[in-house]
Amino acid sequence: MLSAPWTLFNSFVIQQLVSVRRLIRNDWSDSEQDGNLNGLAEQYLGRGEQETWERLRGTASRRREWLLGRAVAKETLCDVLAGCTGHPPSPAEIEIVADQRGCPRVKALLVDDPQTASVVSISHVGGVFVAAACATPGLRGIGIDIEQVTRVNEDVMRFAFSASELQLLQGLPAGAQANWPARLWCAKEAAGKALGVGLFSGLRDIHVSSVNATANIVEVEARERTKEEPRLRLGPAESMVVHTSDDGGLAAAVCLWNTDAEKT
Ligand SMILES: CC(C)(COP(=O)(O)OP(=O)(O)OC[C@H]1O[C@@H](n2cnc3c(N)ncnc32)[C@H](O)[C@@H]1OP(=O)(O)O)[C@@H](O)C(=O)NCCC(=O)NCCS
């Protein structure tokens, strides 16, 4: 395995039947890219993904990022599908295809069973690769995001957060001030990914409505757009719970988008 369960989210994972994994090796150097990465592509990618990989343009580091993100995502999907079927599929039997907004969708499975319908999300920053997957029936999406705590500085906070979000941050205990701005940032991104829209029309469409620093939980709302400005196209405003954590200078968040009847 290239990745290991990310223990940061252990209690959440046990509760929710989610898999969250992090790449173990982060020393893929430029010189070994071609040979090693092509071998990895053969092992992990399905036929359609192989074609995407061969056509993928961009820098060597972007190609590596795309492939390693998918490899970790496949391992999370193998975890949750093994839980559903009792038989872990091989990574190449699962295909992850980006939809028109870039959201990774699980496309092809050998087991054609609605119980195994699954969702997946990927995040990478500075050589750290993580992914989250879940196969709970009725789940509409999952989002994971990581960010370096120091990157969410005062300048970023000014454009990323509304006045009420800044007030929530100011109200947190002194010890929590350092990493919570980055956690809130990740919470918004994770919610946008769970909805499949990313931060399509800016960070302020996804709004933090409450923070529970003791339980490490953030509540977010995706604001309904007006008819003149229907960029999110979500229908009624959505409210979601996001689990956040931090790990040695890295902030992280995971969000499930459930049907109304099954809200977390
Ligand atoms: C999608 C987005 C949330 C990605 O976040 P990021 O912090 O830049 O990068 P991360 O490494 O955390 O995530 C990247 C992964 O998100 C996933 N992703 C991309 N678009 C997505 C979407 N619409 N929904 C869910 N997941 C998405 C992809 O798997 C991508 O990895 P890959 O391309 O290697 O497969 C963000 O870039 C975005 O919304 N962009 C579109 C609009 C925009 O740029 N707005 C600027 C607002 S200030």
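View 1. The shell around the ligand takes at least three residues from each of domain 1 (3-133) and domain 2 (145-262), with bounds from an automatic or database domain assignment. This is a predicted model, in which local features need pLDDT of at least 70, side-chain atom pairs count only at pLDDT 80 or more, and totals for chains, interfaces and linings use all residues. Residues are numbered from 1 along each chain as its sequence is written, and side-chain values use heavy atoms, leaving out hydrogens and water.

**View 2. Who stands around the ligand?** Look for 17 residues here, each with a heavy atom within 4 Å of the ligand. The closest are Arg 62, Ser 123, Asp 145, Lys 193 and Leu 199. Helix H4 (60-85), strand S5 (119-125) and helix H7 (180-195) each provide at least two shell residues; helices (H or I, at least four residues) and strands (E, at least two) are DSSP runs, numbered from the N terminus.

View 3. Arg 62 brings a polar side-chain atom to 2.7 Å from a ligand oxygen atom. With a backbone N or O atom, Gly 196 lies 3.1 Å from a ligand nitrogen atom, and Gly 198 likewise lies 3.4 Å from a nitrogen atom of the ligand. The protein covers 69% of the 920 Å² of accessible area that the ligand has on its own (Shrake-Rupley method, 1.4 Å probe).

Technical notes: A polar contact is a pair of N or O atoms within 3.5 Å; within protein, one must be able to donate a hydrogen and the other to accept it, and residues adjacent in sequence count only if both atoms are side-chain atoms.
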